[in-house]
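My entries are set down by topic.

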Amino acid sequence: MFALLPLIAFVLLYSIFQKFAKNWRLSILFSAMAWGLTIAFSTEFLSLFSLIQFAWIAGFWTLTNLGLGLVYLQVFKRQKEVLIQSDRLASSSEKGFKLKLTNLLIFLLSGAAFIAIVVGITAIAAPPNNWDSMTYHLARAVHWVQNQTVSNYPTSYTPQLYHPPFNSFVFTHLLVLGQSDPLWVTRGDRWMNLLQWSSMVGSATGVSLIAQKLGADLRGQVFAVVFSLTIPMGILQGSSTQNDYIVCFWIVCLAYFVVASTEGIKPKNTLAIAASLSLALFTKTSAYFFAFPLMLWFTYLCIREKRWQVWKPLGAIGLLVLAVNLGHYFRTYDLFGSPISGGPPEMAREYKMEVYSIQSFVSNVIRNLAIHVGTHISLINGKVNGAITVIHKFLGFDPSDPRITVPTRTFGVPAPSFNEDTAGNPYHFLLIWVAIIAFFLTAHLRKQPRLTIYLGAVVGAFLLFCFALKWQPYNARHHLTIFVLFSAFVGVVLSNLKSRRVANAIALILIVLSLPWAFNNKYRPILGSESVLTTPRMEQVFIQRKWLKASYPNAASFVAAQHCSKVGLYLTDDSAWEYPLWTLLQSKNPQIERIDHVIVDNISAKKLEVEPYKSFDPCAIVVYANKKNFQAQNDQLQVRDKRYTKAWSEYPMSVFVKK
C-alpha cells in the first residue's frame, strides 16, 4: 500500500496540471517532469542526513500528497470563469482529438494500445531480470537502502557508482516503501518494470504532440503513436528495469518544448526544457549526445528573440540542470576525478573513440546503421556484411578494429532479435528512409522550416553519438531514442502521402509485424513453456543465467543456517549478479544487519577505510567467481586481520566462514 504513495502523487499532479492546461497529453508531460524532480530533490536531500528510511520517505510522500490534495481542492476546484475563458483556446485541439477520430483511426489506436497493454501485463507479471539491473541499477539501490544514503561505497562493480542514478532513485523509494508493506502485491520490486512501461506510453503521448506542432493532422498524430509503440526495441525494453526508455521519454519532452518554443520563448516552455534536460542527464549519459542538437536549436531561437538577454532563459536552464545533477557530479568527481565520468580510465577507454577521423566516423555511421538491416536470411546478411567489409578496406579499418569497437566485440550484421539489449528495428528503419525520401520529394514539406530543422536535429543526434562512442551491438539500445523521435517525423510524412490507403496500410502492417516482439520477449515471454504468467518468479529471474538458479539460493540457505547477521561479498567477476543475491540472503535470513563488499581492487577500495565499512566484521563471506577463478580458489581467505575458511561451494558460488 505504501508503495502506491508516489503513484498517488503523480495522479494529483496530473489533476492539477489538467486544470491549468486543459490538455491531457500536455498534462502528462508536465506531471511526469514535476514528479521526476520531486524524486531527484527529495532523495538527494534525505541522503544528506542519512534519512533514506521508511518513516522519512513514507512521511515525505504522505505530506506531499496532502499538500497536492489541498492545492487541488482549495484552489483549482473552484473553476474560476477567467481561467476557463483563458484556456478555451488551448483545449480546442484536444476536443478535436477526441471528436474527430474515425473508425479506422480508433482501430489503429486500439491496435497500438493492445501492444502497450501486452507489454504492461508482461511488466507486472515478470520480476526484474535485466542484466544491467542485476549488476547495478537495482544492486546500488539495495546498498542505498541499507546505507540510508546515496553516498559512494566500496563495490567490486564501479558502474554502480558513476552511472546517472534517476531510475535507481525511483527503485530506492519503492524498495523502502515496500519493505514494511503487509500486502505482498506492493512489496519490493514487483512494480519496478512499470517505470519503463510508463515511459513507453509517455513517449508515445509526447511524439503525438510533437507531430501536432510539426503540422501533422489527426491522422499524422495517430501514425506517430503507432510508429512509436511498435518499435521492437521499445516493446522489449518496455517491460524491463533498464533506463533506455526513461531517458527517451525525457528527450521526447525536451524535443516537444523546443519545437513549441519556435512559436515564442515562453517561461513555461523554458522551465519545461530545463526540467526535461535536467532529468535526461540525470538518467543516462547518452542524453548529452541526444540533447545537444535540440539545445542548439533552442539557443538559436533564444538569440533570435531575446538578443542580449539570451542569458536569462539559458541561465535558468543551466541552474536547474546543475541543481538536479550536482549531487551526482560531486560523488562522481570524488572517486573518478570528473563530474561526468565514464568510470575508471581503463573502462572509459573501452567506450570512447580512440581515433577521430572522417574514415572512423564513416565506419561508425555505417556499422550503427547496419544493426537494423539484418534479416532472417543468413545469405542476405552475409552479402551485406561482405559489402561493409569491402567498404572498410577503402576506409583503412577492420570492421572490428578495437580502436573504434568496444573490446571483445566483433562486428557482424545481426539477424532480427528478441533480446532487449541487441534487437534491431528493421521495418521501422526502412520506413524512416522511405519517409526521408518522401520528404525531399514533397515540395510543401521541404518548405516547412520547423520540420526540416527537426529532422536535422534528430539526424544530428545520431551522428554525434556515432562520432563519440565506439561501436558495439548494444548500441541498439541507445538508438531507441532516435527511433522514437523519428516517430513524429514519420507521422507527418505519412499523413501527407497522396494515397491515404497506403499510409493506413503501413500503420496497420507495423502493428501486425510488432506482435512477435510483444509476445516472445526472449527473457520475459508471454507465450511458451517459460511464460511469465506460469513460470515461478525465481526461475524467471535467472532465465538468461540458468546455471545460477540453484547455486544462488543454496548459498543463501547455507549462510542463513550459520545464523550470520553480517555478510561480506567478494565478487571476482564483472558478470556477477548482485541484486538477486541480496534478495535471497535477506529473504532466507531476515535478521541480516549488513551486506557489504569486503575485498575490492578498484578505485572504490578507498571507501573501505571509512565508516561503516572500516569496522565491518562479517561472519561469512559469499564469493562469486568465474570458472577459471573458481577452480584456482584457495580454501582460505583473509580479510584485514581475519581469516576465513571455505565451508560450502557450488559453482560459481562459495561461502567462507570465520575461523
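The entries below record what I looked up in this structure.

I am working with a predicted model, in which local features need pLDDT of at least 70 and side-chain atom pairs count only at pLDDT 80 or more, while totals for chains, interfaces and linings use all residues. Residues are numbered from 1 along each chain as its sequence is written, and side-chain values use heavy atoms, with hydrogens and water left out. I take helices (H or I, at least four residues) and strands (E, at least two) as DSSP runs, numbered from the N terminus.

**Helix pair.** I looked up α14 (residues 287-306) against α21 (residues 449-468) and found an angle of about 145°, with the axes 8 Å apart. Axes here are lines fitted to C-alpha atoms, for helices over the stretch in contact, and angles run from 0 to 180 degrees between N-to-C directions. For contact I used heavy atoms within 4.5 Å. On the α14 side I list F289, F290, F292, P293, L294 and W297; among their partners in α21 are R450, I453, Y454 and F465. I sorted the contact residues of the two helices into 13 nonpolar, one polar and one charged. In this sorting Ala, Val, Leu, Ile, Met, Phe, Trp, Tyr, Cys and Pro are nonpolar, Asp, Glu, Lys and Arg are charged, and the others, Gly among them, are polar.

**Cysteines.** How many disulfides does a search of the whole structure find? It finds one, with a disulfide defined as a pair of cysteine sulfur atoms within 2.5 Å. The bond joins C564 to C619, with S to S at 1.9 Å. The link is right-handed, with 110° about the S-S bond. C564 sits in the loop between α25 (548-561) and β1 (566-571) and C619 in the loop between β2 (594-597) and β3 (620-624), so the pair ties together parts 55 residues apart in sequence.

I checked accessibility next: buried means under 20% relative accessible area, exposed over 50%, and partly exposed in between (1.4 Å probe, protein chains only). C564 is buried at 1%, and C619 is partly exposed at 28%. C253 is buried at 0%.

**Sheet.** I traced an open sheet of six strands in the order β2-β1-β3-β6-β5-β4, with mixed pairing; two strands pair if DSSP finds at least two bridges between them. β2 and β4 (636-639) are at the edges with a single partner strand each, so one side of each has no neighbour in the sheet. Neighbouring strands are turned by 30° against each other on average, direction ignored. β1 and β2 pair in the parallel sense over four bridges, and L569 stands opposite H597 in β2. Both faces of β2 are covered: R594 and D596 on one side, I595 and H597 on the other, are all buried.

**Backbone.** Most residues other than glycine have a negative phi, and most peptide bonds are trans. I noted that E611 to P612 is a cis peptide bond, with omega near 5°, and that P612 lies in the loop between β2 and β3. The bond from Y651 to P652 is cis, with omega near 5°. T408 is not a glycine, yet its phi is positive, near 75°; T408 is exposed at 73% relative accessibility.
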